[in-house]
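Please walk through this model from its chain A segments to the sheets of chain B. The paragraphs below take the parts in that order.

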Amino acid sequence: MFDGYSLSELGSIFAMQGFAGLILFSVFVLMALGLAIIFGQMGVINMAHGEFMILGAYVTFVCSHLVGEHAPWLFPGYFFIAMALAFVASGSLGMLVEWSLIRFLYRRPLDTLLATWGLSLIMQQIFRSTFGAREVGVTLPDWLMGSLSLTDTIEVPINGLFVMALTMTISAVVYAVLFRARWGRGVRAVMQNRVMAGAVGINTEKVDRYTFGLGCGIAGVAGSAFTMVGSTGPTSGQLYIVDTFLVVVFGGAQSLIGTIASAFTISQAQSTMEFFLSGSMAKVLTLLTVVGILMLRPQGLFVLKVRR
Amino acid sequence: MSSDDIRKDSHDALRRKLLLGMAALPAAAMMPRLAFAQAPATAAINTTGLAVTDSTVKVGILHSVTGTMSISETGSVEAEKLAIQQINEMGGVLGRKIEFIQEDGASDWPTFAEKSRKLLVNDKVAAVFGCWTSASRKAVLPVFEQYNGMLYYPTFYEGLEQSKNVIYTGQEATQQILAGLDWVFKEKGAKSFYLIGSDYIWPRTSNKIARKHIEKNGFKVAGEEYFPLGHTQFNSVINKIKLTKPDVIYAIVVGGSNVAFYKQLKAAGIDLKKQTLMTISVTEDEMLGIGGENIAGAYACMKYFQSLDNPNNKAFVEAFKKMWGADSVIGDVTQAAYLGPWLWKLTVEKAGSFDIDKVAAASPGIEFKGAPEGYVRIHENHHLWSKTRIGLAKADGQFDVIHETAELMEPDPFPKGYQ
């Protein structure tokens, strides 16, 4: 397939392909981070993760409309406001859900799967009743569209770069919050030994609520960012949920580093294979590889040592 | 109350009925003749026990209004309701007002089969307007054949099917593909094509036909790619397209993937004003989600566009917007769904009967001059003769119709040499 191309042309194609892989990696990390926090730190299987993302996307849609109508001068920068609002909306809904539903199920982790799946159906229907069954188009500011020409032949999508930067920022913030701040120490303590954490005076219920809220909030930001690359409709969340679980489970449920490593492995494998094979075949091979590795290492790539 | 009283009461009642009946006899004798002038007697036009009364006839609407397919099927439901309302305003079918029973297929194929059984067996509807995906049609087909129902199916689809119990008001694959390809061969001088689609039967069959037609004309298929439904990352294939530099990208991507595909194409710096892209899967409905600015410059090959300039279509668009809101858009399938109730009305009136067998037999040759897309006619094979048109996507979410075939295209669900 490379006949008749000069070396420089091939070089630029491979450079662009490298960026494609990195962008896919960022998308995966952004998708999975919220779920990894909830699943890894709390053991709750949140099937409504995709819907929390789409809530963020709809917040962005509403935002773009309002700003476009009432404050057009703000339009180039509205995306940042929209992401902040998406975080607040999804995060507070997450906290509400934790308080009204999830906290009764901590002793029955498998039931959280059923409960949150039901929640996802309810949310889908609410989106449908509110915004209509059709997909909505989110208008983006011009500077986010188009591509950046690095050289004459290498072009990189700007929205991809934006997602990359966003993912790095959010990962850094999450790392700081969980591993450098006092609150994060509480979260990790509760995860390692709930009873003991309670005994030394940590308000475990409060920690749970905020952790769940944080995970959902990050999902909201991810959904907001994905309006640049994907669709926004009542059931769009379903498009992401399989990949998200794949990344989190493959990485080792309780390790955030594992999530990042797994996102990197899967995205690179998939984008390289997509280039050399067909799209469906790439997906099949990726899934087979993941299944194979999980059979050898059921706990995922990275394991956190926890005393049980 | 004693048993005597009951007997007396019932006796009285019987006598009253008899008296009334006798009094009504002269009127009753005149009735059939009067009624025939307006509406024929129910017994004569409904010999198989369908839900037809002297003043009403029941039909079914079976689409997904919940679940992932409701994105696409909502427009069809709206169009069918509009057509039924308009037909009723004109006096109904054979003097009977149409009443519809709407069922939700919920984007789930077994549910479609179950609901169609309910419509045919319990409700005994005279016709069903419904289904969207081929999967749902395949699921209900045995039910319609077993209980002898009549289905009006609106979506453009892959062909390879024909049934006495189905009228296909959308295009089968050759009607949508061949004329469009001929146009790009001629107008764009296209010699190489990159075929890309979602991974299921319709895009695969359509691309197979497209590939045959391209190669038959001596041109080249530079690549052919399929992605799972719901795939959202197209950067790798876009690089591949950049590498192969095809004259035309031929895209049959559907659903949410569509939005991702066009947004990423634009973000990757592929300018559709310079790179020819032809699609058979993007209508005005999909443009809403994609955003006109992301797809402006692409060519879509359809039989209907909302912007078609003819009196029928102007009236249709106006009526549709009046009923469903000024913001509503009308895509190819929505218009095809609108044809369903009208074709059924014309067929029933030609057959002079609601009986399914008579309607099926009377269908070939039915002409509908009031169609928004222009004149259509039902072929022997229960598909429609219709024109193929090419639209140029604009940033405002509409298409400029830049080409239409001079003649009606013959439907050919089993194309020889393309399988």
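For chain A, an unreviewed UniProt entry lists "transmembrane region" at residues 12–38, 50–67, 73–97, 109–127, 158–178, 212–233, 239–263 and 275–296. UniProt positions follow the numbering used here, feature names are shortened, and annotations may be inferred rather than shown by experiment. Residues are numbered from 1 along each chain as its sequence is written, and chains are lettered from A and ligands numbered from 1 in the order in which they are written. The model is predicted: local features need pLDDT of at least 70, side-chain atom pairs count only at pLDDT 80 or more, and totals for chains, interfaces and linings use all residues.

Two of the listed segments can be described further. Residues 158–178 of chain A are 100% helix and 0% strand, with end C-alpha atoms 30 Å apart. Residues 212–233 of chain A are 68% helix and 0% strand, and there the end C-alpha atoms are 24 Å apart. Helices (H or I, at least four residues) and strands (E, at least two) are DSSP runs, numbered from the N terminus.

Next comes the contact between the chains. It takes 39 residues from chain A and 37 residues from chain B, where two residues are in contact if their C-beta atoms, placed from the backbone, lie within 7 Å. On the chain A side, the elements that each supply at least two residues include helix H1 (7–42), helix H4 (109–131) and helix H5 (158–179). The largest share, 7 residues, comes from H1(A). By class, this side of chain A has 15 nonpolar, 18 polar and 6 charged residues. Here Ala, Val, Leu, Ile, Met, Phe, Trp, Tyr, Cys and Pro count as nonpolar, Asp, Glu, Lys and Arg as charged, and the others, Gly among them, as polar.

Chain B is assigned domain 1 (56–171 + 309–386) and domain 2 (174–302 + 391–404); such bounds come from an automatic or database domain assignment. The centres of the two domains of chain B, taken over C-alpha atoms, are separated by 28 Å. Their contact takes 15 residues from domain 1 of chain B and 13 residues from domain 2 of chain B. On the domain 1 side, helix H3 (70–89) and helix H13 (332–351) of chain B each supply at least two residues. That side divides into 6 nonpolar, 7 polar and 2 charged residues.

Chain B has an open sheet of 5 strands in the order S2-S1-S3-S4-S5, with parallel pairing; two strands pair if DSSP finds at least two bridges between them. Strand S2 (97–104) and strand S5 (166–168) of chain B stand at the edges with a single partner strand each, so one side of each has no neighbour in the sheet. Within this sheet, S1 (residues 56–63) and S3 (residues 128–130) of chain B pair in the parallel sense over 3 bridges, and the bridge partner of Ile61(B) in S3(B) is Phe129(B).

Strand S6 (residues 192–198) and strand S7 (residues 220–227) of chain B pair in the parallel sense over 7 bridges. Ser192(B) has Lys220(B) as its bridge partner in S7(B).

Another open sheet of chain B has 3 strands in the order S11-S12-S13, and its pairing is antiparallel. S11(B) pairs with strand S12 (residues 376–378) of chain B over 2 bridges, and Phe368(B) stands opposite Val376(B) in S12(B).
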